[in-house]
Amino acid sequence: MDIKLIKAPSPATLDIIKNRSKFKLEKNPGALGLVQGKLIEMTVASDIAYKTSGVEVLDVRGSCPQNMIMLAIIGEMEEVKVALRNIEEKIKEKNIW
């Protein structure tokens, strides 16, 4: 699984996310977390993010032939950091919750 954090994402980056998801931008978010991996990992990561912080989680759709499975986690910097940290910790532990 790959995890990246973007502080104050640019309008161009947000346009990419908007074009590949159902994201409706109301204000510029403080941070954008990106998580890419297997479908099962992304489903678990989405659940973890929703349960641990006040972020919005989006499915970012890829295109053939390279269909990427990726989540965008959008919110304030600290909220996104908490969500990403919890995803990393829980996936490594292989916990069942």
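1. Helix 2 covers residues 39–52, and in this predicted model its 14 residues reach 20 Å from the first C-alpha to the last. That is close to the 20 Å you'd expect at 1.5 Å a residue.

2. Now for who is tucked away in helix 2: Met42, Ala45, Ser46, Ile48 and Ala49 are buried. They sit on the same side of helix 2, because they cover an arc of only 165° around the axis.

3. Next, Asn86, which has its place in helix 3, residues 77–93. Is Asn86 buried or exposed? With a relative accessibility of 18%, Asn86 counts as buried, the cut-off being under 20%. Setting aside residues up to four places away in sequence, Asn86 touches Ile48 and Thr52. Ile48 has already come up as one of the buried residues of helix 2, and Thr52 falls within the 39–52 range of that helix.

4. Over to strand 3, residues 56–63, where you'll find Leu58. Its relative accessibility is 8%, so Leu58 counts as buried. Which residues does Leu58 contact, once its neighbours within four places in sequence are left aside? On one hand there are Ile17, Ser21 and Phe23; on the other, Met70, Leu71, Ala72 and Ile74.

5. One distance to check in your viewer: Leu58 and Gly30 are 28 residues apart along the chain, and their C-alpha atoms are separated by 16 Å.

Key:
Residues are numbered from 1 along each chain as its sequence is written. This is a predicted model: local features need pLDDT of at least 70, side-chain atom pairs count only at pLDDT 80 or more; totals for chains, interfaces and linings use all residues. Side-chain values use heavy atoms; hydrogens and water are left out. Helices (H or I, at least four residues) and strands (E, at least two) are DSSP runs, numbered from the N terminus. The expected span of a helix is 1.5 Å times one less than its number of residues. Buried means under 20% relative accessible area, exposed over 50%, partly exposed in between (1.4 Å probe, protein chains only). The arc is that of the directions from the helix axis to the C-beta atoms. Contact means heavy atoms within 4.5 Å.
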